[in-house]
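I opened the model to look up some helix packing and a ligand shell. My entries follow in the order in which I made them.

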Amino acid sequence: MNNETFSQNLIENGYVVLKQCISSSLINEHKQAITFRLGQLLEEINIPPKGDIHLDFLEAIKHIRQFTVQGELSRYLTYKDLHRKKYLEPQVLEKLMFALGPDLECNLEPEVLVNVKDVTDGYLVKKLHQEFWSGCGLNTLQTWTPIVMEEGMGGIEVIVGSHAWGHIPHRNREPIGIPGDAEYQLLDTQEGDMVIFHSLLLHQTVPNRHEYPRFAMPQGVRNFHDKDTGFEDLKKWDAFHYSPLSQIRKKLGNPHLSPFRTYNSERN
Ligand SMILES: O=C(O)CCC(=O)C(=O)O
Ligand SMILES: [Fe+2]
């Protein structure tokens, strides 16, 4: 997708689906890390893991709260640097730099969201919402990346153009009213795709009807110079890309610009 089309989609619709922008080897790295950590969690409670991401997850949530399992997976993916690697994929990085500039940071420890058939808990199956409600600022782009996604596993649905409606009144995490002619769009996403959307875009979980769980990572990305128009200061961030000028500042080391701080140093 060229930058012009990306821009038009984001402005008009409030979202863009970047198709096949993440290599299958990186998606596999996520799956392997998840399977490995699930294996550890099962072994800790004396259950032999099967080494299968689906079966091991379904087994784990019989014994450990799903919320807790997701937290453990999330921390492990972060430990393996997988909260940031997808953003360094060339096509993704190019679009993020186009939209936000080169000084980029992403949420640290993003939650791995797992959607299991017939689970209806509102925390896991999200009703229509704007990320803005949860403190995401207007200068943050929300990304949603499917990690395990097969036909019938649902995904997310958006209301096209709703980012231009402003801040939608809500109560108990549900919109108070949605116009009757709202255009709902179920996003067609596969493993390797990434959805990028505005923090005011209304979106919701599409329930999973497949026997196996769907795994996805919702996560914010922002330029670390941008003004926070939400509660982004309450979240943890990890810078993953620096502009040339930021790299020079890193070399200089401090705002007093200590003369010759690293002159003739052997360290790099
Ligand atoms: O993966 C999903 O079902 C929706 C995730 C989402 O919108 C969120 O976590 O804010
Ligand atoms: Fe969301």
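Helices (H or I, at least four residues) and strands (E, at least two) are DSSP runs, numbered from the N terminus.

This is a predicted model, in which local features need pLDDT of at least 70, side-chain atom pairs count only at pLDDT 80 or more, and totals for chains, interfaces and linings use all residues. Residues are numbered from 1 along each chain as its sequence is written, with chains lettered from A and ligands numbered from 1 in the order in which they are written.

Entry 1, H2 and H3. I listed Lys31, Ile34, Thr35, Leu38, Gly39, Leu41 and Leu42 on the H2 side, meeting Ile53, Asp56, Phe57, Glu59 and Ala60 in H3. By class I found seven nonpolar, two polar and three charged residues in this contact. (Ala, Val, Leu, Ile, Met, Phe, Trp, Tyr, Cys and Pro count as nonpolar, Asp, Glu, Lys and Arg as charged, and the others, Gly among them, as polar.) The axes of H2 and H3 (residues 53-63) come within 9 Å and cross at roughly 40°. Axes here are lines fitted to C-alpha atoms, for helices over the stretch in contact, with angles running from 0 to 180 degrees between N-to-C directions.

I placed Thr35 in H2, which covers residues 24-44.

I read an angle of about 125° between H2 and H4 (residues 66-79), with the axes 10 Å apart. His30, Ala33, Ile34, Arg37 and Leu41 in H2 meet Val69, Glu72, Leu73, Tyr76 and Leu77 in H4. This contact has seven nonpolar, one polar and two charged residues.

Around ligand 1 I found Leu113, Asn115, Lys126, Ile156, His203, Thr205, Ala216 and Pro218, counting a residue if its C-beta atom, placed from the backbone, lies within 6 Å. Strands S3 (113-115), S10 (203-206) and S11 (214-223) each give two or more residues to this shell. The shell has four nonpolar, three polar and one charged residues.

Conventions: Contact = placed C-beta atoms within 7 Å.
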